[in-house]
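Work through the exercises below with the sequence and the model open beside you. Try each task before reading its solution.

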Amino acid sequence: MLPPAATFLPEITFQTSRASGPGGQNVNKVESRVELRWHLQASQVLTEAQKQLILEKVAGQLTADGYLLVVAQDDRSQLRNKEIALVRFHELLQKSLRRPKPRRATRPSAGAVRKRLEGKKMQSEKKASRRRLD
């Protein structure tokens, strides 16, 4: 089970920059884009098994230094973008720790097999009736 997002706060750093998108003249003056940075291997909140599972799932999203980046620039408010980034970060970790349900092999029912074979037989007879007789 994943701890709440607040337990990760001491390990997270935020970096702000000017965002593109809505905001009018405000965009040119205010740094509302938020970039959340978190070092996976240095985390003390997660166990080694959890770190390994997350590493397998988000390996493509890590930087060369091993940081996970989550960017939010949806809102005009820097504070709201921080909240959005934290929510995305926590959802990403939860999704990576979820183990897929194992698939159990099943067989088609006897009725389904019979129906399929009857359909094939009818199609075959239809095609056979179109052939020229010698």
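**Exercise 1. Count the aromatic pairs, and describe what you find.**

Step 1. Apply the rule: rings of Phe, Tyr and Trp (for Trp, its six-membered ring) pair if their centres lie within 6.5 Å, and planes under 30 degrees apart count as stacked, over 60 as edge-to-face and the rest as tilted. The count by this rule is one aromatic pair.

Step 2. Classify the pair. The ring centres of Trp38 and Phe89 are 5.1 Å apart and the planes stand at 70 degrees, so this pair is edge-to-face.

Step 3. Trp38 belongs to strand 2 and Phe89 to helix 2, so the pair ties together parts that are 51 residues apart in sequence. Helices (H or I, at least four residues) and strands (E, at least two) are DSSP runs, numbered from the N terminus.

Step 4. Check burial, where buried means under 20% relative accessible area, exposed over 50%, and partly exposed in between (1.4 Å probe, protein chains only). Trp38 has a relative accessible area of 0% and is therefore buried. Phe89 also counts as buried, because its relative accessibility is 0%.

A note on the source: this is a predicted model, in which local features need pLDDT of at least 70 and side-chain atom pairs count only at pLDDT 80 or more, while totals for chains, interfaces and linings use all residues. Residues are numbered from 1 along each chain as its sequence is written, and side-chain values use heavy atoms, with hydrogens and water left out.

**Exercise 2. Is Glu35 buried or exposed, and which residues does Glu35 touch?**

Step 1. Locate the residue: Glu35 is in strand 2.

Step 2. Read the accessibility. The value for Glu35 is 14%, so this residue counts as buried.

Step 3. List the neighbours. Beyond four places in sequence, Glu35 touches Thr13, Phe14, Gln15, Leu69, Val70 and Val71.

Step 4. Look for a polar contact (a pair of N or O atoms within 3.5 Å; within protein, one must be able to donate a hydrogen and the other to accept it, and residues adjacent in sequence count only if both atoms are side-chain atoms). The side chains of Glu35 and Arg37 make one, at 3.4 Å.

**Exercise 3. Find charges that sit over rings.**

Step 1. Apply it. Arg37 lies over the face of Tyr67, 5.0 Å from the ring centre. Lys82 lies over the face of Phe14, at 5.3 Å from the ring centre.

**Exercise 4. Describe the chain as a whole.**

Step 1. Count the elements: the protein chain has three helices and three strands. From the N terminus on, their order is β-β-α-β-α-α.

Step 2. Compare the radius of gyration, taken over C-alpha atoms, with the globule rule of 2.2 Å times the number of residues to the power 0.38. The protein chain has 27 Å, whereas a compact globule of 134 residues would be near 14 Å. Along its principal axes the C-alpha trace spans about 85 × 45 × 25 Å.

Step 3. Met122 is exposed, because its relative accessible area is 59%. Met122 and Val71 are 51 residues apart in sequence, and their C-alpha atoms are 58 Å apart in space.

Terms used: Contact = heavy atoms within 4.5 Å. Lys NZ or Arg CZ within 6 Å of the ring centre and 35° of its normal.
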